[in-house]
Amino acid sequence: MAGPFFPGAGTSPFRLEGRDRELRTWRRMLTDVGVFGHTQERQLILQGVRGVGKTSLLKQFAEDTLRQGGLAVRVRCQTSAREPLMERVRAAVQEALQRPPDFADAHGRVVRAAISTPVGGLEVERELRPESPGLTDTAFMQELVDATTEVCRRGGLGLALLVDETQYADQASLVNLSELVSLIGERDGDKPPLLLCFAGLPDTVEKVGRSSSHAERVYRTLELGYLDEDSTRDAFLLPVHEAGGRWTPEALAEAVTVSGGYPAFIQEYGQAFWELRRDDLIDADVVAEGVRAAGPQIEAYFQGAWNAAPPLGRSALVELARAGGRLRMRELATALGRGSSSEISWAVDELRRRGTVARPERGVVVFGRPGMREWVLAQQDDGDDR
């Protein structure tokens, strides 16, 4: 093995650690579809700061779906938003259906594409047709239902649509996807086995919520944070062990501490430790040397967050660092010379959306990445206010 750590955007780690709850939820949904033909679980929204493993988790969702005999389609939204999400979904689903002629096992079939709504004890059918009133793009919805039906006709479990970087999605596409899952959810039976998962930055729930008048009943939110100490330890220990390496207890404990449980830093530091190992051993000296070697790459995370912050946001980061890395909003507002927390809330929200700061409890602001407080203070000591 060349190396058991894989830093970089969108790359998957050797193994996912600390995501048991999310994986259990998805696998339960797949089991429901396999046994009953549909699931009563809400569709999913994964949200978290950059580098916590949203894309890796979507990849695992896709792999689980394929193993269960379903078709998984992953789509990444464009930052420019020039191409609507619906067009990307259309192209990806059509391409995916052209690849496998059949599925290995039959799991049941969708017998009709009509969506029905119980009204006053009667069932009024709303066929998904382009001329249907009140729906933004019923042709798109019908295509997804037809694709799900085709998957089942071939003996597949169903269709899983996994959308990454949802914060860049256009609103019209989100409205249509939300409308479709709402219509599917209204049925008591004959539900097309279509699973949907959105993943994005911490404002994803708000953005998707604006696409549906009852999003809280349609979607379930799973917050992806940093790993706990045990999961962080496993994320360092197990890949090295599988690759034939060893840790000293002191080195492993220091690696856990310096990474702060941030998945992106685990991969960055892990790669440096692995490359500097001596006779396949990672000891305290290797960790110390690795921390220095990975320093420029780690600082690039901080510099990128600093560059993206508005001027008021940068000032907030400086005051937060000077105060020890934790302030209440009203205290931060006072430190910035503002009369109330509402005057700085927009800047703090900008920082939060990028993961530069976090709000672990109401009214409290902390740094979102381990080590950034020290970096901000060092920048100020050097007189660097870029």
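Q: What makes the five strands β2, β5, β6, β1 and β7 an open sheet, and in which sense do they pair?
A: In this predicted model, the five strands stand in the order β2-β5-β6-β1-β7, and their pairing is parallel. The strands β2 (71-76) and β7 (219-223) are at the edges with a single partner strand each, so one side of each is left without a neighbour in the sheet. Neighbouring strands of this sheet are turned against each other by 20 degrees on average, when direction is ignored.

Q: How do you know that strands β1 and β6 are paired?
A: Two strands pair if at least two bridges are found between them, and β1 (residues 43-47) and β6 (residues 194-200) are joined by four bridges in the parallel sense, so the pair meets the definition.

Q: How does the reach of helix α3 compare with the span expected for it?
A: Helix α3 (residues 85-98) has 14 residues and reaches 20 Å from its first C-alpha to its last, which is close to the 20 Å expected at 1.5 Å a residue. Its buried residues are L85, M86, V89, R90, A92, V93, A96 and L97, and these pack against β2, α4 (138-153), β5 and α5. An α-helix has 3.6 residues a turn, so residues three or four places apart point the same way.

Q: Why is G156 called buried?
A: A residue is buried when its relative accessible area is under 20%, and G156 has a relative accessibility of 0%, so G156 counts as buried. This glycine lies in the loop between α4 and β5. G156 and L66 are 90 residues apart in sequence, while their C-alpha atoms are 9.3 Å apart in space.

Q: What makes the contact between R50 and E165 a salt bridge?
A: The cut-off is a side-chain nitrogen of Lys or Arg within 4 Å of a carboxyl oxygen of Asp or Glu, and the side chains of R50 and E165 meet at 3.5 Å, N to O, so the pair qualifies under that cut-off. The pair links distant parts of the chain, since R50 is in the loop between β1 and α2 and E165 is in the loop between β5 and α5, 115 residues apart. With a relative accessible area of 26%, R50 is partly exposed, whereas E165, at 13%, is buried.

Q: Which parts does the salt bridge between E143 and R90 tie together?
A: The side chains of E143 and R90 meet at 2.8 Å, N to O. E143 lies in helix α4 and R90 in helix α3, so the pair ties together parts that are 53 residues apart in sequence. E143 counts as partly exposed at 33% relative accessibility, and R90 counts as buried at 14%.

Q: How do you know that the side chains of S178 and Y219 make a polar contact?
A: A polar contact needs a pair of N or O atoms within 3.5 Å, and the side chains of S178 and Y219 make such a contact at 2.6 Å. S178 is placed in helix α5 and counts as buried at 1% relative accessibility. Leaving aside its neighbours within four places in sequence, S178 is in contact with V208, S211, S212 and Y219.

Q: What makes both faces of strand β12 covered?
A: In β12 (residues 364-367), V364 and V366 on one side and V365 and F367 on the other are all buried. In a regular strand the side chains alternate between the two faces of the sheet. Strand β10 (residues 326-328) pairs with β12 in the antiparallel sense over three bridges, and R326 stands opposite V366. Strand β11 (residues 357-358) also pairs with β12 in the antiparallel sense, over two bridges. β11 and β12 form a hairpin with five residues between them, and G363 in the turn has a positive phi of about 80 degrees.

Technical notes: Residues numbered from 1 in each chain as written. Predicted model: local features only at pLDDT ≥ 70, side-chain atom pairs only at ≥ 80, totals over all residues. Heavy atoms only, no water. Axes fitted to C-alpha atoms, helices over the stretch in contact; angles between N-to-C directions. Expected span 1.5 Å × (residues − 1). Buried < 20%, exposed > 50% of the residue type's maximum accessible area, 1.4 Å probe, protein only. Contact = heavy atoms within 4.5 Å. Polar contact = N/O pair within 3.5 Å; in protein donor to acceptor, adjacent residues only side chain to side chain.
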